[in-house]
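User: Got a model open here. Can you walk me through confidence first, then the charged pairs?

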Amino acid sequence: LKLVGTNVALGSVHDPSAGNESASTAIYVQDSSNIIIKDCHVRGFPGIACLVRGACQNVDVRNNLFSYNEQVWDSSTQNDADISVTGYGGDVGDNTGSATAATHIPRNILIAGNKCLSNNKVGISCMSVTDDLIITNNQVVACNSNFVEMSTSSATPDSTKCKRKEGIVPQYYTTLSDSSRHERTIIVADNIVRNTRWSGIYFNDNLTNNLVDNGGGATATITGNVIENFALYVSAASTNYAQNGITVMTAVNAVVNDNTIFSSSDPLNTSNASAVYISSSSQHTGESLTSTCNGNVIQGTDAGITISGTLAGCIVNNNHIQNISKCGIYYESDDANLVCDGNIFENTSQIQKAFDVRGGSSDAGNVVLSNNIVTGGGIYCSQKSTFLISNNVVENPLNRAVSVEATSGSVAHYSLTNNVFRLTTGTNTETYWCFVDSQNGTFQITGNRFDTSSATLVGGGNTVSYMLTIWSDKWVGDYSHNYHVANSSESADKRGV
C-alpha cells in the first residue's frame with residue numbers, strides 16, 4: 001500500500017496551524033486491538049504519518065517506509081513524526097496526569113524493521129506511558145524528500161538542514177495517575193539512528209510536576225543500537241543534558257549495553273554532549289535505581305559516559321572509548337556503589353581526565369576501579385566514598401596519572417594497589433604526578449609501578465616534581481612494595497615520593 005499526502009500533492013510542506021492532527025495523519029489507530037501495519041510506503045504527510053493512540057493492544061508496525069512526512073519548522077508547534085504511540089491527555093503525548101490516562105494506554109506494541117527517513121521532529125515517538133514496548137531493527141535517519149541525508153543543522157529554521165530533534169523517544173514523562181502501577185518493560189534494540197539535533201535515543205521517566213512517586217516506573221533496556229551524528233546543534237554554553245547519543249532520565253534498572261556510538265561531524269557540535277548519559281532523580285523514592293552500562297563502543301564524541309543522580313548502584317564494564325575531547329567516564333552519585341572494570345580508554349591526543357569519579361557526600365558507598373587500560377588521560381577520584389583502585393594501566397596522561405582526593409574530614413579508605421603508571425613519550429609538567437589525599441581516612445598504596453623512564457617529568461613551573469605524593473591528616477596506612485624508575489636525564493630534585 002502506498003499512501004501519498006498533501007506535502008507531495010501540493011508541492012509544499014504543510015503549516016501545522018492550518019489543520020488538525022487527524023487530517024494530517026496517514027494511518028490513525030485508536031482504542032483498537034490486534035492490528036498489523038506492514039509493507040506500506042507513507043510519504044508526504046505533514047503531521048504524524050502513523051499514529052497509534054489510546055487503549056490499543058497487540059499492535060505491530062513493521063517493514064514500512066516513511067519519507068517526507070514533515071511540517072514547517074517551528075520549535076513551539078512542531079509535533080510531526082513518522083511513527084507515534086500515545087495515550088490520551090494530549091494530541092501528541094500524555095503528560096497531564098489525566099484520570100483516564102492509566103486505563104487508556106497502549107500495550108504490547110512492536111515497532112520493527114521500519115525505515116523512518118523523514119526530516120521531522122522525531123522518527124519514532126512514544127510520548128506517554130506504554131506497557132511492553134519493543135522498538136527494534138529500525139533505520140531512523142533524517143533525510144530530505146530525495147533521500148539525501150540531513151547531516152548538518154543550524155540555530156534558525158532552515159529546511160535545507162536537519163530538523164529532527166530526536167531519533168527515537170521510547171518514553172517521555174509519567175502521568176500522576178500511573179504512579180501506583182507496576183514496572184513497565186521497554187526495549188530499544190538493534191536500531192540505526194543518524195542525524196539528530198539533540199539525542200539519538202531519548203528516554204525520560206520523570207514525573208509530571210516533579211511529584212514524588214513510590215511505585216511504578218519504566219525499565220529502559222537499550223542495546224545493540226548504532227548511533228551517529230547526534231547533537232548537531234548545541235550551543236557551547238548549553239547546560240541541557242538531553243543532547244547525547246543515548247539519554248536516559250530516571251529509569252528503573254537502566255541497561256545500556258553493546259551500543260556503537262560515533263560522533264557528530266558537524267562543526268557546531270561544541271557542547272558537553274556525551275555518548276551515553278544516565279541520570280536519576282529522587283522522585284522514585286520507593287524504587288531501587290540501578291544502572292548498567294557495559295560493552296559499548298564510543299568514538300569521537302565530546303564526552304564518553306556520564307552517570308549522575310540518586311542511584312543505588314552502577315556497573316560500567318568493558319566499554320571501549322576512543323578519541324574523545326572531554327571526559328571518558330564521569331560518575332557522580334551520593335552514597336552509591338560503582339564498579340568500573342575492564343574498560344579501554346585510548347586517546348591519540350591527551351586530555352586531563354579519562355575517568356572522573358565523584359563519590360558520596362557522606363562516608364558511604366564504595367567505588368571499585370579495576371583492570372582498566374587508560375592511554376592519554378588520568379584517573380581522578382574525589383569525595384568521601386571508599387575507593388579501591390587496582391590493576392589499572394595508565395599511560396601518557398596530560399596532567400596527573402591518578403588523583404584520589406578526599407573531602408575535608410573524610411574517614412573513607414583509599415586503596416591504590418598493583419597499578420602501572422607510566423610515561424612513554426613527551427614531557428609531563430605536573431608537579432604531583434600520582435596524588436593521594438586521605439584526610440582523616442586510611443590509605444593503602446602497595447605494589448604499584450611508577451615509570452617515567454622513557455619520558456620526562458619536569459614539574460611545570462616548580463623546581464620539584466614527584467612521582468607519588470601522599471597527604472594525610474591521620475597517617476594510618478601502608479606504603480610499601482612499590483617500584484619507581486625515572487629517566488636517567490632527570491635531575492635529583494625530581495624525587496620519587
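User: Where is confidence lowest and where is it highest in the protein chain?
Analyst: Strand S49 (residues 494-495) is lowest, at a mean pLDDT of 53. Strand S13 (residues 139-141) is highest, at 98. pLDDT is the predictor's confidence in each residue, from 0 to 100. Strands are DSSP runs (E, at least two residues), numbered from the N terminus.

User: What does the chain average?
Analyst: The average pLDDT is 79, and 75% of the residues score at least 70. This is a predicted model: local features need pLDDT of at least 70, side-chain atom pairs need 80 or more, and totals for chains, interfaces and linings use all residues. Residues are numbered from 1 along each chain, and side-chain values use heavy atoms, without hydrogens or water.

User: Switching topic. How many salt bridges?
Analyst: The count is 10, taking a side-chain nitrogen of Lys or Arg within 4 Å of a carboxyl oxygen of Asp or Glu.

User: What does Arg-422 pair with?
Analyst: Glu-395, with the closest N and O atoms 2.6 Å apart. The pair links distant parts of the chain: Arg-422 is in strand S40 (residues 420-422) and Glu-395 in strand S37 (residues 393-395), 27 residues apart.

User: Is Glu-395 buried or exposed?
Analyst: Buried, at 18% relative accessibility. Arg-422 is partly exposed, at 30%. Buried means under 20% relative accessible area, exposed over 50%, partly exposed in between (1.4 Å probe, protein chains only).

User: And Arg-400, which residue does it form a salt bridge with?
Analyst: Glu-430, at 3.4 Å between the closest N and O atoms. Arg-400 is buried, at 15%. Glu-430 is buried, also with a relative accessible area of 15%.

Definitions and conventions
Helix = DSSP H or I, 4+ residues; strand = E, 2+ residues; numbered from the N terminus.
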